[in-house]
Amino acid sequence: MKLRQFIVTGFALFAGMSLSWGQSGNMILVNTDHPVAEVQPTMWGVFFEDINLGADGGIYAEMVKNRSFEFYKPMMGWKVLGKPLTEGDFLVLNRQQTNTANPRFLHITLHNNKKGTIGLNNEGFRGMGIKNNLGYDFSVMYRQSSPGVKMYIELVNEKGENVGSTSIATTGTGDEWKKISASFTSSATVPKASMNIWFEGDGTLDIDMVSLFPQDTWKKRPGGMRADMIQMLADMKPGFIRFPGGCIVEGYDLSQRYQWKKTIGPVEERQLIVNRWNFEFAHRPTPDYFQTFGLGFFEYFQLAEDIGAEPLPILNAGMACQFNSAELVPLNQLDPYIQDALDLIEFANGDPASRWGKVRTDMGHPAPFNLKMMGVGNENWGPQYLERLKIFTKAIKEKYPNIKLINSSGTDPNGERFDYLNGELRKMHADIIDEHYYRRPEWFLQNASRYDNYDRNGSKVFAGEYAAQSDKTVSIDNKNNWQTAIAEAAFMTGMERNADVVCMASYAPLFANVDGWQWTPDMIWVDNLRVYGTPNYYVQKLFSLNKGTNVVPLLENNKPLEGQDSLYASATIDKNSNELIVKLVNVSGKVQTKDIQVAGVKKLSEEAKLIVLKADQLDDVNSFSQPGKVMPNEQVLKLKGKKISLALTPYSFTIIRVKMS
Ligand code: AHR
């Protein structure tokens with residue numbers, strides 16, 4: 001149904017109601033018994049990419065930076081402590097011929113050393129955030145020439161004072177690598193600690209995969225994820241999680257593309273590559289940014305399952321980032337790429353007896369992950385993309401006709417590239433088209449009606465990456481201020497109203513480390529110990545938690561509210577809880593009084609839930625010093641009859657939830 005029809009239908013419904021009121025300027029009409037679209041359970045989700053120290057140094061809770069000496073500079077993050085007796089006591093060896101995935105290790109020669117004379121220090125990712133009285137798990141892979149080397153591990157604060165320690169004694173000699181672990185408890189909270197390892201003994205010692213994890217990981221999984229960051233996602237109850245990005249899927253060149261098969265299995269066999277955000281922005285260089293893939297596709301699927309979100313992997317379409325090298329795989333050499341896509345479906349859904357289903361089972365998950373959709377390409381464009389996409393689509397649909405495919409419409413929501421791709425993809429009957437918009441807040445307000453005129457029967461839309469930019473795209477001055485968040489809220493009412501077209505949406509990027517970001521704005525900010533949600537986070541969370549199951553018409557003067565009097569609104573009902581959910585965004589600086597007349601119900605409960613998100617100033621932001629400056633406030637709203645009278649605060653996002661009978 002097109003917008004015109006929608007309005008007329010809405011009008012007809014109201015005209016048919018036995019109500020004796022005419023519609024005044026302040027009267028909003030909501031009709032609950034004529035739902036016009038289903039809201040997909042996937043509607044509001046999250047986009048995850050390893051950008052801004054999102055994975056390594058972020059949700060992946062490993063505290064040792066460059067644990068396997070594979071960074072371009074093998075000793076980056078490490079310092080030798082004490083004075084080596086001879087040149088060559090610390091050597092980086094490369095066993096490329098026998099181990100391509102993890103070639104380097106550190107070869108240390110000891111000369112009857114006593115504790116405290118020779119050692120190594122690891123600085124962590126912008127320091128290590130240590131919590132008082134928390135358990136930590138240290139582990140290392142080693143082999144040695146003389147038995148009985150002892151390692152003393154200590155966490156130290158900025159002054160070098162010990163805040164937790166343990167020791168381990170190695171055993172045996174020979175060429176075989178062994179793993180040894182020890183756990184200990186810290187004695188202080190230190191935001192930027194580091195770790196010393198002192199060696200005692202004689203002979204040679206090889207070490208690799210030096211690791212330290214806190215024990216309070218998400219679901220207490222050893223080697224797992226940072227629980228506080230994941231909790232922020234779980235709290236949103238996202239409908240899906242898109243991973244692993246973003247441009248990281250494409251890579252600067254094809255050698256740096258994301259290859260899921262290299263991110264599964266034992267962590268020491270996962271081949272590290274540089275993170276493209278290491279060098280993408282000359283103004284925000286991050287030379288210590290690499291992808292260890294300790295967090296890989298198995299963990300992403302598991303995370304999706306943990307937080308009740310549909311997994312949405314995005315795969316490389318045989319094209320490197322078109323802003324970078326723009327390398328293409330020749331059409332007749334796409335097979336390995338397509339095979340990766342087919343194998344991923346088997347990895348996620350296959351029987352444990354199948355080749356890739358067995359790999360999943362061996363990793364501890366015999367049950368399928370129920371993958372239902374997959375993206376082919378991130379921000380790819382041009383006929384080159386379409387040529388490749390067609391080959392992928394044919395192969396995937398032939399084997400897995402029920403898997404929905406997400407296709408790229410490029411980098412921008414309009415312009416020649418978008419128009420071309422959008423047109424062609426619709427002719428190809430694409431399942432879902434991925435649109436991205438990084439635009440000024442005004443754009444979001446002006447485009448709240450963007451989807452009103454989209455074809456109701458054609459391809460669906462996934463707003464796969466969007467965020468209002470207070471300055472401009474990739475500017476370091478972008479802020480997660482209230483002006484951007486309220487503009488997104490206004491726009492999102494337009495997505496919700498058009499839920500028959502827009503089936504999924506996700507803000508991007510998701511996480512940023514205050515000491516290691518490349519891109520702003522971002523939804524959630526963290527440091528080594530803390531995390532806070534931006535106003536944009538609360539907008540996303542409120543939409544997700546107050547989704548409803550079906551869109552119902554909300555009209556003022558027989559039109560949807562999409563900017564009249566600076567007001568934006570949408571309404572849904574939740575068929576499971578039998579509630580009406582109305583969302584109103586007032587982007588003006590004045591109080592606006594409105595009456596909402598509800599039709600299609602016998603009664604409304606006398607008490608509604610009123611949730612208001614607002615700020616005093618449009619440039620208000622949350623921060624570590626004021627994490628709750630812009631936060632939702634919940635109250636009870638008394639109702640009389642089927643009318644909801646509201647005084648909408650200046651610059652506010654208001655949600656009303658009320659039981660219907
Ligand atoms: O979200 C940051 C980046 O923006 C993504 O990696 C990319 O897809 C887009 O250009």
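Biologist: Hi! Which residues does Phe105 touch, not counting residues up to four places away in sequence?

Modeller: Hello! This is a predicted model, and in it Phe105 touches Phe69, Leu91, Val92, Leu93, Arg95, Arg143, Trp177, Asp206, Ile207 and Asp208.

Biologist: Where is Phe105 found?

Modeller: Look in strand β6, which covers residues 104–113.

Biologist: Does Phe105 count as buried or exposed, and why?

Modeller: Phe105 counts as buried because its relative accessibility is 4%, and the cut-off for buried is under 20%.

Biologist: And how many residues apart in sequence are Phe105 and Arg67?

Modeller: They are 38 residues apart in sequence, and their C-alpha atoms are 9.5 Å apart in space.

Biologist: Let's step back. What domains does the domain assignment give?

Modeller: Domain 1 is 3–39 + 549–659, domain 2 is 46–62 + 218–545, and domain 3 is 78–214.

Biologist: How many residues do domain 1 and domain 2 put into their contact?

Modeller: Domain 1 supplies 39 residues and domain 2 supplies 33 residues. The C-alpha centres of these two domains are 31 Å apart.

Biologist: What area is buried between domain 1 and domain 2?

Modeller: About 2800 Å², with carbon and sulfur atoms giving 72% of that area.

Biologist: Which domains does the lining of the largest pocket draw at least three residues from?

Modeller: Domain 2 and domain 3 each give at least three residues to the lining of the largest pocket.

Biologist: How do the lining residues of the largest pocket divide into nonpolar, polar and charged?

Modeller: For the largest pocket, there are 12 nonpolar, 7 polar and 7 charged residues.

Biologist: OK, and what volume does the second largest pocket have?

Modeller: About 340 Å³. Its lining has 21 residues, and Cys247, Phe323, Glu379, Val474 and Trp519 lie nearest the centre. By type, the lining of the second largest pocket splits into 11 nonpolar, 3 polar and 7 charged residues.

Biologist: Changing topic: which residues of helix α2 are buried?

Modeller: In α2, residues 227–236, the buried ones are Met229, Ile230, Met232, Leu233, Ala234 and Met236.

Biologist: What covers the buried residues of α2?

Modeller: The cover includes β3 (46–47), α3, β23 (511–513), β24 (524–526), β25 (531–533) and α10 (535–545).

Biologist: Is Asn52 buried or exposed?

Modeller: Asn52 is buried, as its relative accessible area is 0%.

Biologist: What about the phi of Asn578?

Modeller: Asn578 has a positive phi near 55°, and this residue is not a glycine either. Asn578 sits in the loop between β28 (567–574) and β29 (579–586), and it is partly exposed, with a relative accessible area of 38%.

Biologist: Which residues does the cis peptide bond with omega about -5° join?

Modeller: That bond joins Thr520 and Pro521, and Pro521 is in the loop between β23 and β24. The peptide bond from Gly245 to Gly246 is also cis, with omega near 15°. Gly246 lies in the loop between β14 (240–243) and β15 (273–274).

Biologist: Last one: what is Thr166 in contact with, leaving aside its neighbours within four places in sequence?

Modeller: Thr166 has contacts with Met151, Tyr152, Ile153, Ala182, Ser183 and Phe184. Thr166 belongs to strand β11, residues 162–169, and counts as buried at 18% relative accessibility.

Notes:
Residues numbered from 1 in each chain as written. Predicted model: local features only at pLDDT ≥ 70, side-chain atom pairs only at ≥ 80, totals over all residues. Heavy atoms only, no water. Nonpolar A, V, L, I, M, F, W, Y, C, P; charged D, E, K, R; others polar. Domains from an automatic or database assignment. 1 Å grid on protein atoms, 1.4 Å probe; cavity = no way out; pocket = protein on both sides within 12 Å on 5 of 7 lines; lining within 4 Å. Points joined across faces, edges and corners; volume = space filled by probe spheres on them. Buried < 20%, exposed > 50% of the residue type's maximum accessible area, 1.4 Å probe, protein only. Helix = DSSP H or I, 4+ residues; strand = E, 2+ residues; numbered from the N terminus. Contact = heavy atoms within 4.5 Å. Buried area = accessible area lost by both parts, 1.4 Å probe.
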